[in-house]
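Visitor: I'd like a tour of this structure, with a few questions along the way. Shall we bring it up on the screen?

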Amino acid sequence: MKNVVTHRKFQRYSALAISPLSIWIVYSIICMKGSSFQETYNWFSNPFNAFFMAAFFIISFLHLKLGLQIIIEDYVHNLKHRSLTILSINIACYIFAGIAIFSILTMLF
Amino acid sequence: MDTIENKTNKRPLSPHLQIYKPQITSILSIFHRFTGVFLAFGLLLSVIFVFFTAMGEETYKWWNCIVNSLVGKGLLFLWLLAIIFHALNGVRYFLWDNDIGMSIPSVKWSGLFVCVLTLVLTCVLGILIWM
Amino acid sequence: MVAFNLPKNSKVLKGNRFKLSRDVPNKRALEIYRYDPDSSNNPRVDYFEINMHECGPMVLDALIYIKSQIDSSLTFRRSCREGVCGSCSMNIDGTNTLACIKHIKDVKGVVKIYPLPHMKIIKDLVPDLSDAYKQYASVKPWLQSTMPSKSEKEQLQSPEERKEIDGAYECILCFCCSASCPSYWWNGDKYLGPAALLQAYRWISDSRDESSKSRLEFLKDSFKLYRCHTIMNCTNACPKGLNPAQAISRIKSSIANIE
């Protein structure tokens with residue numbers, strides 16, 4: 001993200017969105033402890049759960065990408081290395097978010 | 001003979017990290033950063049978990065073995081600690097963005113509060129998850 | 001990558017020891033960073049013992065005492081000796097402060113004295129502040145206004161408007177804050193640092209200044225302003241009790257509002 005003001009806004013808003021989602025996930029982990037494979041699978045095939053899990057992954061990866069960008073800018077001073085590192089982080093974020101969405105969709109349908 | 005330019009170039013850098021006394025301000029700030037990076041790895045692992053669940057019972061069980069091992073539990077506990085700290089400390093940044101609690105007494109007080117609350121919440125949730 | 005370690009020529013070695021010849025009841029020990037630009041040696045830490053009976057209560061008093069009684073080559077900046085000039089800023093007992101208003105009795109054990117952290121050192125406790133001054137100049141620290149020529153009257157400020165710059169105009173430019181900021185350590189060449197930004201805020205919030213918008217535009221930069229991650233070391237260090245972190249946060253809000 002080039003514009004630093006937008007960057008900050010997105011970082012703050014994504015943080016706001018993740019908080020309730022994380023609470024919900026920790027709550028779900030507590031409720032589901034000791035559950036079998038089938039129970040876990042069924043939990044994921046519930047559209048409500050699937051939607052919020054997908055939202056969690058997308059927003060979390062956005063937040064992660066924005067946060068790591070700041071850290072890389074702080075510590076990697078060589079401009080070429082810097083943009084390469086940020087680019088690879090972005091690509092990794094898209095790939096992993098893609099895997100998460102793909103998995104969730106598989107269980108949903 | 002040393003020219004002035006030569007002298008300017010060989011000037012040493014004064015010690016920084018080596019001598020600066022740890023402050024609650026900088027310690028919590030760097031801890032926010034550490035937990036953030038640590039949570040990034042946690043997020044990758046949770047993607048793998050979801051992926052393995054979607055792939056079927058075989059891979060799910062294999063993954064579950066790792067999660068239920070001592071190392072897996074330890075990592076999960078640290079991850080819980082990290083997410084709670086990162087979230088609670090994040091609230092301080094929101095308040096500061098809105099010009100609330102920026103005096104040094106407030107900063108120290110809220111920092112301490114975040115640390116204590118993190119430990120308490122982590123223990124309570126840890127007990128709820130693993131007991 | 002940023003260097004968290006000191007470069008080879010900056011590693012601090014053990015230096016000379018100046019012990020008292022006889023034991024006295026109120027003896028204090030000091031460790032002082034020394035660097036001699038005329039030798040090719042690395043910086044070193046010298047150890048001094050002084051009799052507090054012969055010396056004033058402040059760290060600056062001890063430095064002056066050492067310079068006049070033990071080692072006249074000890075070099076440091078000082079002027080007002082009462083916390084209004086900002087010359088004797090240095091790192092005492094692990095935090096940046098002014099030597100003239102730091103009580104020796106507030107320090108436990110050996111008093112460790114270093115120059116301001118992560119600065120190029122000219123000699124002993126004297127850092128090269130030219131980059132910091134350049135950054136200060138870059139925020140145009142003067143009133144920009146066309147008003148007087150139009151109205152031919154003095155520009156009045158209401159008490160409320162005047163209050164806006166309280167906590168910002170008192171800065172004495174000792175750079176304790178900037179030199180305490182890890183972000184300034186790693187990116188001090190591009191990040192303006194808390195001292196310069198507090199002064200930028202001082203002019204942005206001045207009701208008589210007419211160019212706050214261009215001032216904000218100038219600061220709207222990923223490195224000049226936004227390397228501030230609200231670590232708050234600056235506010236913790238300021239010997240005048242000012243709050244640079246809050247000023248920076250307010251600048252960020254103002255920029256977000258004009259977007």
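Guide: Domain bounds come from an automatic or database domain assignment. On that basis chain C is divided into domain 1 (8–127) and domain 2 (130–258). Please keep in mind that this is a predicted model.

Visitor: How many salt bridges are there between domain 1 of chain C and domain 2 of chain C?
Guide: Let's start with the contact itself: 13 residues of domain 1 of chain C are in contact with 12 residues of domain 2 of chain C. Five residue pairs are in polar contact between these domains, with both residues at pLDDT 80 or more. The side of domain 1 that touches domain 2 has seven nonpolar, six polar and no charged residues. A salt bridge pairs Lys or Arg with Asp or Glu, and the count between the two domains is zero.

Visitor: What area do domain 1 of chain C and domain 2 of chain C bury between them?
Guide: The centres of the two domains, taken over C-alpha atoms, are 31 Å apart. Carbon and sulfur atoms account for 66% of the buried area. The total that domain 1 and domain 2 of chain C bury between them is about 960 Å².

Visitor: Now to the neighbouring chain. Which three residues supply 16% of the area that chain C buries against chain B?
Guide: Here 47 residues of chain C are in contact with 28 residues of chain B. The area buried between these chains is about 3300 Å², with 56% from carbon and sulfur atoms. The three residues that supply more of chain C's share than any other three are C:Leu6, C:Met232 and C:Asn236.

Visitor: Which element gives the most to the side of chain C that touches chain B?
Guide: Between chain C and chain B there are 19 residue pairs in polar contact, both residues at pLDDT 80 or more. Elements of chain C that each supply at least two residues to this side include β5 (95–98), α5 (182–187) and α9 (244–258). With five residues, the one that gives the most is α9(C).

Visitor: Is A:Arg12 buried or exposed?
Guide: A:Arg12 is found in helix α1 (residues 4–32) of chain A. A:Arg12 touches B:Phe94 and B:Asp97, leaving aside residues up to four places away in sequence. Because its relative accessibility is 18%, and the cut-off is under 20%, A:Arg12 counts as buried.

Notes
Residues are numbered from 1 along each chain as its sequence is written. Chains are lettered from A and ligands numbered from 1 in the order in which they are written. This is a predicted model: local features need pLDDT of at least 70, side-chain atom pairs count only at pLDDT 80 or more; totals for chains, interfaces and linings use all residues. Side-chain values use heavy atoms; hydrogens and water are left out. Contact means heavy atoms within 4.5 Å. Buried area is the accessible area (1.4 Å probe) that two parts lose on being put together, summed over both. A polar contact is a pair of N or O atoms within 3.5 Å; within protein, one must be able to donate a hydrogen and the other to accept it, and residues adjacent in sequence count only if both atoms are side-chain atoms. Helices (H or I, at least four residues) and strands (E, at least two) are DSSP runs, numbered from the N terminus. Buried means under 20% relative accessible area, exposed over 50%, partly exposed in between (1.4 Å probe, protein chains only). A salt bridge is a side-chain nitrogen of Lys or Arg within 4 Å of a carboxyl oxygen of Asp or Glu. Ala, Val, Leu, Ile, Met, Phe, Trp, Tyr, Cys and Pro count as nonpolar, Asp, Glu, Lys and Arg as charged, and the others, Gly among them, as polar.
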